[in-house]
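These are my notebook entries on one structure. I record below what I looked up and what I found.

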Amino acid sequence: MDIFTIENFLNDDDINLANALKEKEESFFDTEGVYKGKITSTQQWINPSSEFAKYMQNKFNAIEQLKNNTIDGLQILRSKNPYDVHSDWIVQNNQVPIADPKINPPLCTIVIPLVAGDYNTIVFDQEATYNNFSEYKKHNTVLENYCPDSEWQKYCSHCHTEDQKYLTIKEIFNWQKGTLFAFDRKLFHCSSNFGTSSKKAIVAWLSR
């Protein structure tokens, strides 16, 4: 499994169901990125045994690439500041691991936008079996042909400047309401820079 999309994965009724969830919102503070110390997002973590989680699990299981998956984490994400480069190898709730990749081998991250707008998720070719890109830079050298300045400034101007020379873009997902976007949890990725607006999505992390 690498990267794939499914248009109209959720219909309006599904989206209304997600928007009606009453789970408590928790603030997420990025400790690695350029917005260090500021609220990056608020997150509603969904209990895996809830009816909504079971409903989403059944929908995921109906997809050939995702059969017999386990949901390691499921949330409604409201992004307030763009999150910079990271991977999702270890699912964490505010930097605290909530799933062990040694027990449940990671499969994919799923993003399903609940809003329309000029938003993107950027997935890079580079990968690792840990989350922090700062660790990746310690063990790798800069690339000769890295992400071009034009693309970096358009999508990643909120990221650490030095990260550009270690990265090449694999996929740019333009958010479409209700569309499922799935990618391998090893892959480094980031939000595009969306300025002063905010965005909302279902995010799920699946294992085998």
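The entries that follow go from the sheet to the charged side chains and then to the backbone.

**Basis of the entries.** I worked from a predicted model, in which local features need pLDDT of at least 70, side-chain atom pairs count only at pLDDT 80 or more, and totals for chains, interfaces and linings use all residues. Residues are numbered from 1 along each chain as its sequence is written, and side-chain values use heavy atoms, with hydrogens and water left out.

**Entry 1: the sheet.** I took helices (H or I, at least four residues) and strands (E, at least two) as DSSP runs, numbered from the N terminus. Two strands pair if DSSP finds at least two bridges between them. I traced an open sheet of seven strands with antiparallel pairing, in the order β1-β10-β7-β12-β4-β3-β2. The edges are held by β1 (3-6) and β2 (25-29); each has a single partner strand, so one side of each lacks a neighbour in the sheet. On average, neighbouring strands of this sheet are turned by 25° against each other, direction ignored. For angles I used axes that are lines fitted to C-alpha atoms, for helices over the stretch in contact; angles run from 0 to 180 degrees between N-to-C directions.

**Entry 2: strand β12.** I next asked how β12 pairs with β4 and β7. Nine bridges link β4 and β12 in the antiparallel sense, and Thr70 has Ser207 of β12 as its bridge partner. Between β7 and β12, also antiparallel, there are seven bridges, and Val203 in β12 stands opposite Val111.

I then checked burial, where buried means under 20% relative accessible area, exposed over 50%, and partly exposed in between (1.4 Å probe, protein chains only). Nine of the nine residues of β12 are buried, so the strand is largely enclosed by the rest of the structure. In a regular strand the side chains alternate between the two faces of the sheet. Lys199, Ala201, Val203, Trp205 and Ser207 point one way from β12, while Lys200, Ile202, Ala204 and Leu206 point the other way.

**Entry 3: helix α2 against the sheet.** I noted that helix α2 (residues 51-61) lies across β4 (70-79), β7 (106-113), β10 (180-184) and β12 (199-207). The helix runs at about 110° to β4.

**Entry 4: salt bridges.** I counted a salt bridge where a side-chain nitrogen of Lys or Arg is within 4 Å of a carboxyl oxygen of Asp or Glu. The count by this rule is ten. One of these joins Glu25 and Arg78, at 3.6 Å from N to O. Glu25 belongs to strand β2 and Arg78 to strand β4, so the pair ties together parts that are 53 residues apart in sequence. Glu25 is partly exposed at 39% relative accessible area, and Arg78 is partly exposed at 21%.

I also looked at pairs inside helices. Glu51 and Lys54 form a salt bridge, with their closest N and O atoms 3.9 Å apart; both lie in helix α2, three residues apart, about one turn of the helix. Glu51 is exposed at 62%, whereas Lys54 is partly exposed at 42%. Lys138 and Glu135 meet in a salt bridge at 3.8 Å, N to O, and both lie in helix α3 (residues 133-139), three residues apart.

**Entry 5: Asp30.** I located Asp30 in the loop between β2 and β3. Asp30 is buried yet has no salt bridge. Counting Lys and Arg as positive and Asp and Glu as negative, with His and the chain ends not counted, I found Lys36 to be the nearest side chain of opposite charge, 8.9 Å away. Contact means heavy atoms within 4.5 Å. Apart from neighbours within four places in sequence, the contacts of Asp30 include Tyr35, Lys36, Tyr83 and Asp84.

**Entry 6: positive phi.** Most residues other than glycine have a negative phi. I recorded a positive phi near 55° for Asn8, which lies in the loop between β1 and α1 (12-19) and is exposed at 62%. Asn94 has a positive phi of about 50°; Asn94 lies in the loop between β5 (92-93) and β6 (96-97) and is partly exposed at 31%.
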